[in-house]
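Here is a short report on one protein model.

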Amino acid sequence: SQDEMWKACSQYCWSCVDGYNCCILAYGQTGAGKSYTLSGLEGEPGIAPRAIQEIFTLLKQQQEAAEYKVSAYMVELHNDTLYDLFLPLKQRKQPP
């Protein structure tokens, strides 16, 4: 379930706040549920929206202790081509 996946990955949010680079990778065949696991659905958020919310919650709690800079990227690798998932749909080439 989404909750089980979140429990397995949530610890990495503290690592990010502590200054470590972190990466979450979903790998598998078409239709295996990678997009669902990472993005989720309305009412069932996946790892990415939960992690973003958790990181900013942790940063807010630590705002007096340090100054933070947050950067992120999200890409899809399809047939040896990287697609920037933060670009608006009209600006990125869509995988087949």
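Along the sequence, the protein runs α-α-α-β-β-α-β-β. That pattern comes from four helices and four strands. Helices (H or I, at least four residues) and strands (E, at least two) are DSSP runs, numbered from the N terminus.

This is a predicted model: local features need pLDDT of at least 70, side-chain atom pairs need pLDDT 80 or more, and totals for chains, interfaces and linings use all residues. Numbering starts from 1 along each chain as its sequence is written, and side-chain values use heavy atoms, with hydrogens and water left out.

**Overall dimensions and surface**

Taken along the principal axes, the C-alpha atoms fill a box of roughly 45 × 30 × 25 Å. The protein exposes about 8000 Å², and carbon and sulfur atoms supply 52% of it. Accessible areas come from the Shrake-Rupley method with a 1.4 Å probe; for residues, only the protein chains shown count as cover. Buried residues make up 18% of the 96 residues. Buried means under 20% relative accessible area, exposed over 50%, and partly exposed in between. A contact means heavy atoms within 4.5 Å. Among contacts between residues at least 6 apart in sequence, 36% join residues at least 24 apart.

**Helix H4**

Helix H4 covers residues 47–61. Its 15 residues should span 21 Å at 1.5 Å a residue, and its end C-alpha atoms are 21 Å apart, which agrees. The expected span is 1.5 Å times one less than the number of residues.

Which residues of H4 are buried? They are Ile 47, Ala 48, Arg 50, Ala 51, Ile 55, Leu 58 and Leu 59. These residues cover an arc of only 160° around the axis, so they lie on the same side of H4. The arc is that of the directions from the helix axis to the C-beta atoms. An α-helix has 3.6 residues a turn, so residues three or four places apart point the same way. On the other side of H4, Gln 53, Lys 60 and Gln 61 are exposed. Cover for the buried residues of H4 includes these elements:

| Element | Residues |
|---|---|
| Helix H1 | 2–9 |
| Helix H2 | 11–17 |
| Helix H3 | 34–39 |
| Strand S2 | 44–45 |

**Cysteines**

How many disulfides does the structure hold? It holds zero. A disulfide is a pair of cysteine sulfur atoms within 2.5 Å. The sulfur of Cys 9 is 8.8 Å from the closest cysteine sulfur, in Cys 13, too far for a bond. Cys 16 is in no disulfide either; the nearest cysteine sulfur, that of Cys 22, is 3.5 Å away. Cys 9 is buried, with a relative accessible area of 12%. Cys 16 is partly exposed, at 27%.

Conventions:
Buried means under 20% relative accessible area, exposed over 50%, partly exposed in between (1.4 Å probe, protein chains only).
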